[in-house]
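Work through the exercises below with the sequence and the 3D view open. Try each task before reading its solution.

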Amino acid sequence: MLPETAQCLKTAAPLFSQTVFLKDLRRLSSHGGARASHLQVRRHFAVSRCLAAKVPPERKPRERVEIPGLEMVTYGERMHYVPGLSKPVHPHWVRDYKDPRHYKSPPAHEMPLYKEKPCYVFNQRTSALEGVRQALWLTKTKLISGLPPQLLSLAENPANQIPDQDERVQNAIKHARFWDTTEERPGKEKYSNTLLLNLLHLCATLQSNHPAMGRRILAEKYSLAATWERGEDLFQIRGQNGLLQNCMDPLPGVSGKQEVSDTADHVLETFYPVSPTIDLQKVNVYKELNSSGFRGDYPYPHAHTLYFLEGADPCCKLRPEQFRAKMFMFTYGNALVRAHNLYGPQPQRVLDRPVTVQAVGTNGRIFQFLVFQLNTTDLSGDDGIKNQVWLDEDVELYDFAKVRPLIKKKQVKVPAGLAGYKPETFSKFLALYLHGAV
């Protein structure tokens with residue numbers, strides 16, 4: 001081969017490869033986006049097939065053409081499919097008996113409980129966008145940070161404390177985090193429930209000093225329903241929340257009449273342009289109910305304290321702000337139902353004797369404390385007497401509970417076992433338990 005020919009072939013080789021690449025690129029673009037999307041999906045090695053696969057298009061139903069005066073020839077009389085003949089149309093068969101396996105609900109507008117005015121429902125899985133601020137507006141409530149001083153003073157009295165209190169509380173924590181399991185470490189759902197029951201058992205040991213504690217009982221999996229109007233909208237709380245401690249005697253009011261009267265000057269915080277009904281379930285089929293979940297002759301009619309577990313429902317995980325809003329709303333619902341039972345079905349008025357209900361929430365380490373006082377059920381406007389709520393949030397009971405020590409750069413950062421126990425947190429827990437019995 002001549003040197004001139006070899007040099008020409010070397011010059012033409014890159015040009016030939018570029019030409020082939022451009023032809024392939026044009027061929028891909030001419031075949032539409034399907035081929036390109038196929039290549040793009042193949043590059044995503046970290047994406048599973050169920051996420052990268054294309055969704056098949058919906059099948060369009062074939063339009064049935066009806067010509068007046070012309071009868072379709074079908075294969076209905078032959079009892080089998082015949083090509084060329086149309087498919088017969090049979091009348092809808094209705095059973096003359098009830099079969100729950102094949103039940104079809106009627107349309108919403110045909111149901112007997114259908115109403116034109118919608119109702120906004122708050123249930124145990126509702127995640128309110130604005131959290132506590134949204135709950136404050138829905139219930140016309142004034143927020144006060146921290147717990148009332150008269151409640152905290154109950155646990156500071158040495159006569160109301162448990163013998164060897166700090167040691168027994170730490171043993172309750174160790175039992176929930178280390179001892180009550182056959183695995184390496186228990187899950188959050190398990191140890192949070194065990195810790196709550198252990199702390200309640202410790203508080204109940206003071207019954208010999210305060211006999212009024214024997215007039216209480218714990219109940220769980222009860223269904224609550226409370227209905228009220230806020231402005232022109234109708235709201236309802238429905239569902240099962242957590243562990244409820246009922247008592248025979250109502251809780252005394254936290255604030256006096258003068259403090260209740262001063263709430264009329266409080267201005268409710270708004271979160272415009274966000275709607276107050278955001279994230280609430282809007283329904284048109286409902287029944288206006290006010291039920292505590294217990295019969296009228298139940299010997300423990302008064303709600304004392306509601307106990308919530310943050311990880312109780314594995315299908316619904318709420319953020320801390322939304323978890324506090326859930327505690328707030330269900331506490332308000334229990335107080336509202338009790339007010340309806342005391343003052344009638346529609347008590348749109350300022351209550352002569354306020355209704356007080358408490359709530360405690362935990363995830364096994366961090367506690368939320370709440371005290372709610374229902375002063376009025378007149379929520380038509382933003383003026384007038386407001387309800388009151390005391391909230392102490394994100395209170396840690398301890399810092400760490402490690403099965404194995406945390407070691408970084410050959411140094412023990414956190415030792416194994418319980419570390420950073422804070423006794424003031426249990427004092428708040430005990431104060432809410434003693435409220436009404438001392």
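The model is predicted, so local features need pLDDT of at least 70 and side-chain atom pairs count only at pLDDT 80 or more, while totals for chains, interfaces and linings use all residues. Residues are numbered from 1 along each chain as its sequence is written, and side-chain values use heavy atoms, with hydrogens and water left out.

**Exercise 1. Overall make-up**

Task: State how many helices and strands the protein has, and what percentage of its residues count as buried.

Solution. Step 1: take the elements as DSSP runs, numbered from the N terminus, with helices being H or I of at least four residues and strands being E of at least two. The protein then has 10 helices and 15 strands.

Step 1: apply the burial cut-offs, where buried means under 20% relative accessible area, exposed over 50%, and partly exposed in between (1.4 Å probe, protein chains only). Of the 438 residues, 38% count as buried.

Step 2: take contact as heavy atoms within 4.5 Å. Among contacts between residues at least 6 apart in sequence, 76% join residues at least 24 apart.

**Exercise 2. Strand 10 and its partners**

Task: Describe the pairing of strand 10 with strand 9 and with strand 11.

Solution. Step 1: start with strand 9 (residues 350–362), which pairs with strand 10 in the antiparallel sense over nine bridges. Gln358 stands opposite Val371 of strand 10.

Step 1: inspect the turn. The hairpin of strand 9 and strand 10 has three residues between the strands, and Gly364 takes a positive phi near 100° there.

Step 2: go to strand 11 (residues 387–396), which is antiparallel to strand 10 and joined to it by seven bridges. Here Phe372 is bridged to Val389 in strand 11.

Step 3: Strand 10 (residues 366–376) is mostly covered, with 11 of its 11 residues buried.

**Exercise 3. The largest pocket**

Task: Give the volume of the largest pocket and the element that gives the most to its lining.

Solution. On a 1 Å grid over the protein atoms alone, a cavity is a set of points where a 1.4 Å probe fits but cannot get out, a pocket is an open set with protein on both sides within 12 Å along at least five of seven lines, and lining residues have an atom within 4 Å of a point. Points are joined across faces, edges and corners, and a volume is the space filled by probe spheres set on the points.

Step 1: The largest pocket has a volume of about 640 Å³. Of its 24 lining residues, Asn241, Gly242, Leu309, Ala312 and Asp313 are the closest to its centre.

Step 2: assign the lining to elements. Helix 7 (188–204), strand 8 (302–309) and helix 9 each give two or more residues, and helix 7 gives the most, with five.

**Exercise 4. The largest cavity**

Task: State how many cavities of 30 Å³ or more there are, and which helix gives the largest share of the lining of the largest one.

Solution. Step 1: the count comes to three cavities of 30 Å³ or more. The largest cavity has a volume of about 90 Å³.

Step 1: its lining includes Leu224, Phe294, His302 and Arg338. Helix 9 supplies the largest share, four residues.

Definitions and conventions
Two strands pair if DSSP finds at least two bridges between them.
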